[in-house]
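Dear colleague,

Please find below the structure that I am handing over to you. My notes on what was found in it follow directly after.

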Amino acid sequence: MQQLDTRSLPSLAGSLPVPTYDRSRLRAGIVHLGVGAFHRSHQAMYVDRLLEQGQAQDWAICGVGVLPSDRGMADTMAAQDCLYTLVVKHADGTFEPRVVGSIVEYLLAPDDPDAVVEKMAAETTRIVSLTVTEGGYNIAAVTGEFDATHPDVVADLRPGAALRTSFGLVTEALVRRRDRGLAPFTVVSCDNIQHNGDVARRSFAAFARLRDPELGAWVEREVPFPNSMVDRITPATTDEDRAEVARRFGVEDRWPVVCEPFTQWVLEDRFGLGRPPLEDAGVQVVEDVDPYERMKLRLLNASHQGLAYLGRLAGYRLVHDTAQDPLFQSFLLGYMEREATPTLRPVPGIDLDAYRKELIARFSNPHIRDTLARLAFDGSERLTKWLLPVVRDNLAAGGEVRRSAAVVAGWARYSEGVDEQGQPIEIADRRRDTLMVTALRQREDPLAFIADRELFGDLVDDERFTAPYLATLRSLYERGARATLEALVAETGGPGGTSSVAVSSDATGR
């Protein structure tokens, strides 16, 4: 068994693809905050593709861990020279491995925040990219306002503070660049938020404004924040994944990444200091990302929320098991066709009917083994950004909301923290305590959960939403999730008037 590090690459080349480029000649032009599985299956993979083509040698990546919980990744990166194994798992059982070498340095901010700031402030850094999760922008779900009272934000605003947030680190780096006469780097959000670049600008400018009003205006005016849409299903790495990499490929990798074959990155072409030729690696560089991100967030991500809560209540634990169930296929396709799609703008080059069916096939890939628990993580940030915009647009246009209301009711029932068999459900959400308190009140006050105006705004006042929501919640209590969905699909007719859809097992979205 070989350790994964630079010295082992020549001998590993016989068993799996390894970088053919000289990593010692690379220079980090990108600093990425939040190096998790998704970044390593997506942005780092695209840069690796360019490097294999002999391009982008000044655009390698320096990874940054912002949180104390990132220490495990820091230790792995140090032990493996920032190398890792990326394994693409096809639905037919084919495994496609590769050692990725595009990350050449890793810094842990809690250990040395000034080193992180200086790395971003260096003239060689031209892009700072982010995967800090939907909640990492500190924006209220309903008001869209930056939370200036967050303890970490307050701490970072104190003079001489040991910076602990992405806002504090990035803003200080921008200040140093400005003081040194260097142009600001471009900030690229790669999180699943509609208009993620605009959200990032609002967040970082708001923090900078708290530090100094003129600085905030400068950040908003001078720093480029292009929007982007990112897509690749990438479950959390498990011990089984580590063992499988060792068994199949003879590599001891502390933190490999597994993912589906499908990958998409749509990126607004708005950069201040240049960018790598990402279009040569398969990235769609466009003038307007909005149609693509609406499609992805409202079809894929919102459907994930339906799988997560209603699937778990119906007794499932894994995504592919749920998605292979004809009942869930019919429910999700009905949601996508009848509720989500009418709220979309025309998407250049996309056949939406094929895209919807392709999503079901991607969800159904049995080798990804993604968990419903991962999809359910942080619903207060995710569902409110992905599904509720569909509800509001349909209410404004007089469209359908029954299936969307059913997903919200499933979240409410799920948030009680116990399933239909009386087994505990672990609620992983930054608002966990509040969610559980309101969910446990809803048997006496059925509107208690959606009365939280910080999450739901005025939806609790609209009977067009509350009527189907209450009907679904009542049915979940009386009949359970499966019978509830069966009745809903029978009443609404399913997608295109049908009750089910056949999906080929090898339609993986390649």
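T171 is in contact with F204, F207, A208, R211 and L215, leaving aside its neighbours within four places in sequence; contact here means heavy atoms within 4.5 Å. T171 belongs to helix α7 (residues 166–179), where helices (H or I, at least four residues) and strands (E, at least two) are DSSP runs, numbered from the N terminus. With a relative accessible area of 1%, T171 is buried; buried means under 20% relative accessible area, exposed over 50%, and partly exposed in between (1.4 Å probe, protein chains only). The C-alpha atoms of T171 and E134, which are 37 residues apart along the chain, are separated by 20 Å.

Before the remaining findings, a note on the source. This is a predicted model, in which local features need pLDDT of at least 70 and side-chain atom pairs count only at pLDDT 80 or more, while totals for chains, interfaces and linings use all residues. Residues are numbered from 1 along each chain as its sequence is written, and side-chain values use heavy atoms, with hydrogens and water left out.

Helix pairs

Helix α8 (residues 196–211) and helix α9 (residues 213–222) pack at an angle of about 160 degrees, their axes being 5 Å apart. Axes are lines fitted to C-alpha atoms, for helices over the stretch in contact, and angles run from 0 to 180 degrees between N-to-C directions. The two helices α8 and α9 are therefore roughly antiparallel to each other; angles under 35 degrees count as roughly parallel, over 145 as roughly antiparallel, 65 to 115 as roughly perpendicular and the rest as oblique. From α8, the residues R201, F204, A205, A208, R209 and R211 meet P213, L215, G216, A217, V219 and E220 of α9. The residues of this contact between α8 and α9 divide into seven nonpolar, one polar and four charged. In this division Ala, Val, Leu, Ile, Met, Phe, Trp, Tyr, Cys and Pro count as nonpolar, Asp, Glu, Lys and Arg as charged, and the others, Gly among them, as polar.

Helix α11 (residues 290–313) and helix α16 (residues 379–386) have axes that come within 9 Å and cross at roughly 135 degrees. The pair α11 and α16 is therefore oblique, and α11 passes α16 in a left-handed crossing. On the α11 side, L297, R298, N301, A302, Q305 and Y309 take part, meeting G379, R382, L383 and W386 in α16. Five nonpolar, three polar and two charged residues make up the contact of α11 with α16.

The axes of α13 (326–340) and helix α18 (residues 402–414) likewise come within 9 Å, crossing at roughly 130 degrees. Accordingly, α13 and α18 are oblique to each other. F331, G334, Y335, R338 and E339 of α13 and R402, R403, S404, A406 and V407 of α18 make the contact. The residues of the contact of α13 with α18 comprise four nonpolar, two polar and four charged.

Buried faces of helices

In helix α5 (residues 113–121), the buried residues are P113, V116, V117, K119, M120 and A121. They pack against β2 (28–33), β3 (60–65), β6 (103–108), β7 and α7.

In α14, L352, Y355, R356, L359, I360, A361, R362 and F363 are buried. The elements covering these residues of α14 include β9 (228–231), α11, α12 (319–323) and α13.

Individual residues

Y292 is placed in helix α11 and counts as buried at 6% relative accessibility. Not counting residues up to four places away in sequence, Y292 touches M229, Q264, V266, Q284, V286, V347, P348 and I350.

C82 is found in the loop between α4 (71–79) and β4 (84–89), and N138 in the loop between β7 (127–130) and α6 (151–156). C82 counts as buried at 6% relative accessibility, and N138 is buried with a relative accessible area of 11%.

With kind regards

Methods
Left-handed = near helix turned anticlockwise from the far one by under 90°.
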